[in-house]
Amino acid sequence: MSHRSTVILGTGSYAPKRVLTNEDLSRMVDTSDEWIRARSGIRERRIAAAEEATSDLAFHAAQRALKDAGVAASEIDLVVVATVTPDYPMPSTACILQHKLGIPTTAACFDLNAACSGFIYGLDTACALLASGRYKKALLIGAEKLSCIVDWSDRGTCLLFGDGAGAAVIGVSDRPGVGLIGTRLGALGEDTDLLLVPGGGSRAPATADSFKKGDHFIKMKGKEVFKLAVRVMEEAARDILEQHHLDAHQIGLVIPHQANLRIIDAIAKYLELPIERFFVNVDRYGNTSSASIPIALDEARQAGRIRRGDVTLLVAFGAGLTYGSALIRW
Ligand code: UT7
């Protein structure tokens with residue numbers, strides 16, 4: 001079999017129009033712009049319209065990625081949507097999106113839930129399936145409408161989250177040495193209780209009472225998540241660099257999950273890289289979970305911060321607690 005590199009052929013992103021500023025939040029809960037900026041680096045986030053579901057956000061991002069790649073929807077034979085806020089518990093958002101985009105009915109379509117690590121989990125999955133030779137072109141999307149599972153009366157969580165979508169079209173190349181170099185995925189399943197939506201699943205199906213208690217909203221132990229996030233992202237970054245005999249200084253750009261600027265700062269210090277080597281847009285979007293890395297990746301490419309031959313490091317963590325890192329050569 002000839003060498004198969006899996007390469008990102010194009011990217012796209014979409015953020016809903018409505019901007020919710022820290023100022024706006026301070027009129028909803030007891031907080032301030034100053035506190036939010038100091039503790040998280042976030043200035044504003046985007047909120048989807050009531051009639052916009054996750055597949056609608058995904059649709060715009062996917063169309064842009066297809067255009068950027070110069071690939072027609074008819075060529076896609078694999079659709080993976082990473083999300084924790086699907087349109088419905090079933091069917092998958094990937095099937096809804098397939099139909100909206102006019103992707104052939106012979107394409108495999110499924111959702112993947114790895115929370116904020118979803119795009120890296122999806123990248124690993126899509127690239128492995130492409131490398132197997134069973135699929136030719138994949139559409140990978142991270143899309144979230146987190147605003148519908150955020151408790152807007154909980155000041156300890158509502159400052160962080162926002163809505164958005166990012167997409168990548170992935171294909172195969174016989175040019176060796178380009179594309180996905182490797183991934184490092186993992187999960188700390190013993191820490192599921194630090195960040196979860198307790199109600200609405202099979203453990204505690206939705207009832208009038210659970211709804212009243214707000215069990216359908218995100219519950220987060222922020223401080224604990226923060227500490228683990230720094231630790232696992234550092235490990236995931238270090239492991240993948242070691243595995244591929246790369247030094248942090250050889251990385252052109254790090255695209256970290258955008259959860260909190262202080263977490264990104266901590267990773268930068270650990271890798272002994274200047275913060276300028278990191279792509280940061282958490283100030284404008286907050287944490288968009290699985291959409292965070294693909295939005296940042298698309299914006300980084302558009303801003304000319306990724307050049308041919310560069311190596312990019314993606315690194316994320318999220319509910320699960322999942323974590324993941326990936327190295328890509330362009
Ligand atoms: O993708 C994974 C998603 N999750 C994360 O990445 C979360 C990681 N965690 C964080 O980003 C931070 O924990 C937060 C930004 C959420 C909170 O920052 P913190 O520095 O960990 O604050 P804290 O929760 O320890 O709270 C410190 C104080 C408390 O007051 P007392 O008990 O010291 O009097 C809180 O009640 O700040 C208070 N506080 C707030 N004050 C103003 C908590 N939230 C707010 C708020 N505005 N929004």
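**Exercise 1. The two domains**

Task: State which residues make up domain 1 and domain 2 of the protein chain, and how far apart their C-alpha centres lie.

Solution. 
Step 1. Take the bounds from the domain assignment. Domain 1 covers 5–176, and domain 2 covers 180–329.
Step 2. Remember that this is a predicted model.
Step 3. Compare the C-alpha centres. The two centres are 14 Å apart.

**Exercise 2. The interface**

Task: Find how many residues of each domain are in contact, and what area the two domains bury between them.

Solution. 
Step 1. Count the contacts. Domain 1 brings 51 residues, which are in contact with 44 residues of domain 2.
Step 2. Look at the area. About 3,800 Å² is buried between domain 1 and domain 2, and 60% of this lies on carbon and sulfur atoms.
Step 3. Find the top contributors. Of the area that domain 1 buries against domain 2, 17% comes from Cys116, Ile120 and Tyr121, more than from any other three residues.
Step 4. The interface of domain 1 and domain 2 holds 2 salt bridges. Between the two domains, 22 residue pairs are in polar contact.
Step 5. Sort the side of domain 1 that touches domain 2 by class. That side has 24 nonpolar, 16 polar and 11 charged residues.

**Exercise 3. Helix 11**

Task: Decide how many residues of helix 11 are buried, and describe what follows the helix.

Solution. 
Step 1. Locate helix 11. The helix spans residues 292–302.
Step 2. Check the cover. Of its 11 residues, 9 are buried, so each of those is under 20% relative accessible area.
Step 3. Name some of them. Ser292, Ile293, Pro294 and Ala296 are among the buried residues.
Step 4. Look past the end. Gly304 follows helix 11 and has a positive phi, near 75°.
Step 5. Arg301 and Asp68 form a salt bridge through their side chains, at 2.7 Å from N to O.

**Exercise 4. Gln258**

Task: Is Gln258 buried or exposed, and which backbone atoms lie by its side chain?

Solution. 
Step 1. Gln258 sits in the loop between strand 11 (253–256) and helix 9 (261–271).
Step 2. Apply the cut-off. Gln258 has a relative accessible area of 1%, so this residue is buried.
Step 3. Find the backbone partners. A polar atom of the Gln258 side chain lies 2.8 Å from the backbone oxygen of Phe279. The backbone nitrogen of Asn281 lies 2.9 Å from a polar atom of that side chain.
Step 4. List further neighbours. Gln258 also touches other residues, including Ile264, Val280, Val282 and Gly286.
Step 5. Ser292 and Ala296 are touched by Gln258, and both are buried residues of helix 11.

Technical notes. Residues numbered from 1 in each chain as written. Predicted model: local features only at pLDDT ≥ 70, side-chain atom pairs only at ≥ 80, totals over all residues. Heavy atoms only, no water. Buried < 20%, exposed > 50% of the residue type's maximum accessible area, 1.4 Å probe, protein only. Helix = DSSP H or I, 4+ residues; strand = E, 2+ residues; numbered from the N terminus. Domains from an automatic or database assignment. Contact = heavy atoms within 4.5 Å. Buried area = accessible area lost by both parts, 1.4 Å probe. Salt bridge = Lys/Arg side-chain N within 4 Å of Asp/Glu carboxyl O. Polar contact = N/O pair within 3.5 Å; in protein donor to acceptor, adjacent residues only side chain to side chain. Nonpolar A, V, L, I, M, F, W, Y, C, P; charged D, E, K, R; others polar. Lists of a residue's contacts leave out its neighbours within four places in sequence.
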